Amino acid sequence: MVKKTTALLLAASLLLGACGQKETVKEQPSSRESSQAAAGDNKPAGQEKAPINETGKETAGSSGGKAGNDGMESKTSGVNAGQSGDKRDKPAASQGGRKDGKKTAAEPQYHMNKVYNIVPNDDGIEEKVVLLTFDDGPKDKKMINGLIDTLDKHKAKAIFFVNGYRVKQNPDLLKLIHDRGQIIGNHSWDHIDLKQQSPAKAKKQIEDVQKIVLDTIGEKPKFFRPPFGSGGDTVKKIANDNDLLFMTWSNGSLDWERKSRNNPEAVINNVMEQLHPGSNILMHELPWTVEALDKLLTKMEKKGYRFVDPRNIEPSMR
């Protein structure tokens, strides 16, 4: 009897102990959730601007620092460079960025640095480009058509920096340049050294060109080059106040010098010796430059250079 009672008491004790314990189960993440947590956000690092220094008006200069993209993205050329992999995050410039579906103008892919070179805005955009420019016109229909025929052959655009007094003499030639798809720039009214003029006179020299070009072709120039490359802070401010991108050049053809006169090969050699990515090439509306242009552009193309459309350059220096 005693043994049975003891056994019953022991069994009851064990049963009560088991009922008082709580079962705990640690929930483990699924394999998919674990891999997502481990991966994290893998975003490319920010871009850093390279230092830039101002230099002399005829210095060839360096190609300038190009913003780097420490990244996961592959390099591509053209208007789609620098986009994220998902087009919904950042619409391509060519697609337009408006939510209502309306097209917007493509954003410029290049800018001009402080040594007047043309520099890509993003890593992956073509660096080996040159800007073609022609000063001191419009003078002669045959020369203008000769230059533009060659530009068309090479699918190139250029800035034609014009003087106001020549536009007044030859308004039809200004229209010809514009109608054939080239870009008009402001080169002051009289081709004088603006740095030596009073602020009021310099202002008039620039703004009178803006007005006559607007009256002739219906739009104002967006680029300004001072005669002789001589400007200074006052002239730069006047240009900026008129929404003009001030520039001199970084590659001078020297087609205006006596040794280049009637010597197309000299013009070609001068440019090729200074050629570098981003070259801002100064030429003039001259017979030997017209003759040299086709061979010059062909030589640059063979070296892998392309011709930047001036409309693809930002309106401010940086």
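Biologist: What share of the residues in the protein chain is buried?
Modeller: Buried residues are 41% of the 318 in the protein chain. Buried means under 20% relative accessible area, exposed means over 50%, and partly exposed is in between, with a 1.4 Å probe and protein chains only. One caution: this is a predicted model, where local features need pLDDT of at least 70 and side-chain atom pairs count only at pLDDT 80 or more, while totals for chains, interfaces and linings use all residues. Residues are numbered from 1 along each chain as its sequence is written, and side-chain values use heavy atoms, leaving out hydrogens and water.

Biologist: How many helices and strands?
Modeller: The protein chain has 9 helices and 10 strands. These are DSSP runs numbered from the N terminus: helices are H or I with at least four residues, strands are E with at least two.

Biologist: Which residues have the most contacts inside the largest nonpolar core?
Modeller: Val130, Leu132, Phe134, Leu151, Phe160, Val213 and Met300. That core has 40 residues. A nonpolar core is a set of buried Ala, Val, Leu, Ile, Met, Phe, Trp, Tyr and Cys residues joined through side-chain atoms within 4.5 Å.

Biologist: Which elements give two or more residues to this core?
Modeller: The contributors are β3 (129-137), α3 (141-153), β4 (158-162), α5 (171-179), α6 (199-217), α8 (264-274), β9 (280-284) and α9 (287-302). Of these, α9 gives the most, with 7 residues.

Biologist: And what does Phe160 touch?
Modeller: Leaving aside residues up to four places away in sequence, Phe160 touches Phe134, Leu147, Ile148, Leu151, Ile177, Gln182, Ile183, Ile184 and Gly185. Contact means heavy atoms within 4.5 Å. Another core, of 24 residues, lies apart from the largest one; Ala202, Phe224, Met247 and Ile313 are among its residues.

Biologist: Let's zoom in on α3. Which of its residues are buried?
Modeller: Met143, Ile144, Asn145, Leu147, Ile148, Thr150 and Leu151. They pack against β3, β4, α5 and α9.

Biologist: What happens at the ends of α3?
Modeller: Asp140 caps the N-terminal end, with a side-chain oxygen 3.0 Å from the backbone nitrogen of Lys142. After α3 comes Lys155, with a positive phi near 55°.

Biologist: Which peptide bond is cis?
Modeller: The one from Gly137 to Pro138 is cis, with omega near -5°. Pro138 sits in the loop between β3 and α3.

Biologist: New topic, aromatics. How many aromatic pairs are there?
Modeller: The count is 3. Rings of Phe, Tyr and Trp (its six-membered ring) pair if their centres lie within 6.5 Å; planes under 30 degrees apart are stacked, over 60 edge-to-face, and the rest tilted. Tyr116 and Phe246 form a tilted pair, 6.4 Å centre to centre with 50° between the planes.

Biologist: Where do those two sit in the chain?
Modeller: Tyr116 is in the loop between β1 (110-112) and β2 (118-120), and Phe246 is in strand β7 (residues 245-246), so the pair ties together parts 130 residues apart in sequence. Tyr116 and Phe246 are both buried.

Biologist: Now His187. Is it buried or exposed?
Modeller: His187 counts as buried, at 2% relative accessibility. Its place is the loop between β5 (183-186) and α6.

Biologist: What does His187 touch?
Modeller: Not counting residues up to four places away in sequence, the contacts are Asp135, Asp136, Phe161, Val162, Asn163, Phe224, Arg225, Pro226 and Pro227. The side chains of His187 and Asp136 are joined by a polar contact of 3.1 Å. A polar contact is a pair of N or O atoms within 3.5 Å; within protein, one must be able to donate a hydrogen and the other to accept it, and residues adjacent in sequence count only if both atoms are side-chain atoms.
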